[in-house]
Amino acid sequence: MTGRRSVVAAALAASLLAAGCRRGVEPPSPGPGEKRLNVYVWSEYLPREVIDGFTKRTGISLRYDLYDSNEAVLEKLQSGVADYDIVVPSDYMVRILIQLKLLRPLEKTRLKNLGNLDPAFLDKSFDPKNAYSLPYVWGTTGFGYNRTRAQGSTDSWAPLFDPKNRGRILMLDDMRECFAVALKFLGHSLNTTDPAILRQAADLLKRQKPLVKTYNSSDYENILASGDVDYSHGYNGQLAKVVARDPRRFGYVLPREGATIWMDSVCVPARARNVESIYAFLDYILEPEVNASIVNGISYASANIPARKFIRPEILNDPAIYPSEAALARCEFLEDIGEATSILDEYWTEVKAQ
Amino acid sequence: MRRRRLLAAHAALVYLFLYAPIAILVVFSFNRARQTAIWEGATLEWYRSLAANELILTAVKNSLIVGVSSTIAATVIGTLVALALGRHAFVGEGFTRNLLYLPIIIPEIVLGAALVTFFGALALRLSLWTVVIAHIVFCVSYVAIVVRARLSSFDRSLEEAALDLGARPLSTFRRVTLPLIAPGIVAGALLSFTISIDDYVITSFVAGVGATTLPLQIYSMLKVGVTPEINAVSTLLLAVTVALVLTAQRLERRPADRGAGS
């Protein structure tokens, strides 16, 4: 009796599993005549109208998912079974993805709008000759501040090291970004590998630590906006949202000593399958009007020169989004510093453990 | 008398500690300010903009699909596992029983990485269904453990009586066993649903194209700031969950009452 019951149970469980698996195996690839594109992108990076315009023009249905960290892209591509055709990682992650052979080389002859890109943003060390990536948006890492509380000059990193601002400072919870601030403040390249200079920077960060209220990389702009800190280190785009809501109270500074410049790039995963759709999309977002509507929608700068004609003047003339060439010349991309990374790791642990 | 009042005060404090954050979330879903921490008057604006926010609504839909389908599958499998373990002695029983705890004990991040490697080995493309499968994996354990606990206080003589009186095994199961362990099954199912609906770590590993669930959506919004729409959607989910739990409790009580009456 009981024997039969367990047979029934086993059969039921097996059929359930089989049903679950069958649905799982069902290929998500396009059906006959249907063209698709699967995009994996940062939150609020792709305005609705750009997506709709693409589908209307090409008949390709675009599905997209959002991520909150570069590591999410790495994990998905490493799984080998994620169906993404386009990803938009940051500079250092592009380097890692190339090293791991997770990206597909771009066939640039298929892109007729490639010439629209500013050469100043091409051929960076994370992807020489742009074999795998094209710039999507870029920005700087400066600081936001509360105008009603700040005293004295604010065009330098100095207020972030000023004991008068004890407990009113927020720094990004990011080793390279914090060292970049210290190194630039001391007048060095933020990619320096000289151990003596790195030691000085670490000592400066250790002296700064008692002044810092918190290290935060996720919602620092809200902490600034709520008045809990007066100075917040951070990426320009996120801080720009606070400034835009209340420009009389808040400002963004790209310090005169220089800062980090970052770039997020469009890349194609090695296992991407919808190749035709991919090139249609890449060429589409390089079109001046389309590119401008991306910039207008998300308030980040792009590297597309003819698009500037169509970008709203309040964005184009905002030094927090499009800094002057002189200011930009003092900024640097974070490069791979090789062996020195382990020295930084050790010093950063010292800073955080203090 | 004084002791009772002290106890009441203590209980009130505990409940305050447990529910104040949720109450604040509900209140702030009606807050006019975009800033999450400052109250600026009441509004239904966030509920309106939520109704127009396709991303969040899709995420809620995905979460419900995953939650409901993984709960149903996990409840069936978990109950069967608990029954097998609870009443049969077989070779490797202890091993199977300990194996059940594994998905609960091993860190989520390890389970997530293991599952994604497993799907990779099977060449199973990541999708919403891989999320469902992953959720079934850990929900089965919860259901089995809860149902097993219920079974341990189960009086086998009731079943034997039914069989003695001529009931077939299947109808014994349906009319005696099932009603008696039903509270355990319902509790296990509710637990599964709750765990499934708020899982982030494992889901983030195994989600494929178009499989963004609500927790993934909320995390992806962190970089650009969480909007009060999230408070609104959380309030709605809370209302649904509370309604579900109340219904479940009512359903649970019914067969027992009937039994007592006859």
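In the predicted model, helix 6 of chain B crosses helix 8 of chain B in a right-handed sense. The two elements, spanning residues 128-152 and residues 169-197 of chain B respectively, pack at an angle of about 155°, and their axes are 8 Å apart. Because angles over 145 degrees count as roughly antiparallel, helix 6 of chain B and helix 8 of chain B are described as roughly antiparallel to each other. On the side of helix 6 of chain B, the contact includes His135(B), Cys139(B), Tyr142(B) and Arg150(B), while the residues contributed by helix 8 of chain B include Ile181(B), Pro183(B), Gly184(B), Leu191(B) and Ser196(B). By class, the residues of this contact between helix 6 and helix 8 of chain B comprise 14 nonpolar, five polar and one charged.

In chain A, the domain assignment gives domain 1 (35-138 + 262-323) and domain 2 (140-261 + 331-353), the C-alpha centres of which lie 27 Å apart. Contact between these domains of chain A involves 13 residues of domain 1 and 14 residues of domain 2. Helix 4 (residues 91-99) of chain A supplies the largest share of the domain 1 side, with three residues, and that side of domain 1 of chain A has eight nonpolar, two polar and three charged residues.

As regards confidence, the model scores ipTM 0.73 and pTM 0.78. Chain B has a mean pLDDT of 86, with 92% of its residues reaching 70 or more, although the pLDDT is below 50 over residues 256-262 of chain B, a stretch that has zero contacts in the model beyond near neighbours in sequence. Where pLDDT is low, predicted coordinates should not be read in detail.

Methods: Residues numbered from 1 in each chain as written. Chains lettered and ligands numbered in written order. Predicted model: local features only at pLDDT ≥ 70, side-chain atom pairs only at ≥ 80, totals over all residues. Axes fitted to C-alpha atoms, helices over the stretch in contact; angles between N-to-C directions. Helix = DSSP H or I, 4+ residues; strand = E, 2+ residues; numbered from the N terminus. Parallel < 35°, antiparallel > 145°, perpendicular 65-115°, else oblique. Left-handed = near helix turned anticlockwise from the far one by under 90°. Contact = placed C-beta atoms within 7 Å. Nonpolar A, V, L, I, M, F, W, Y, C, P; charged D, E, K, R; others polar. pLDDT = per-residue confidence, 0-100. Domains from an automatic or database assignment.
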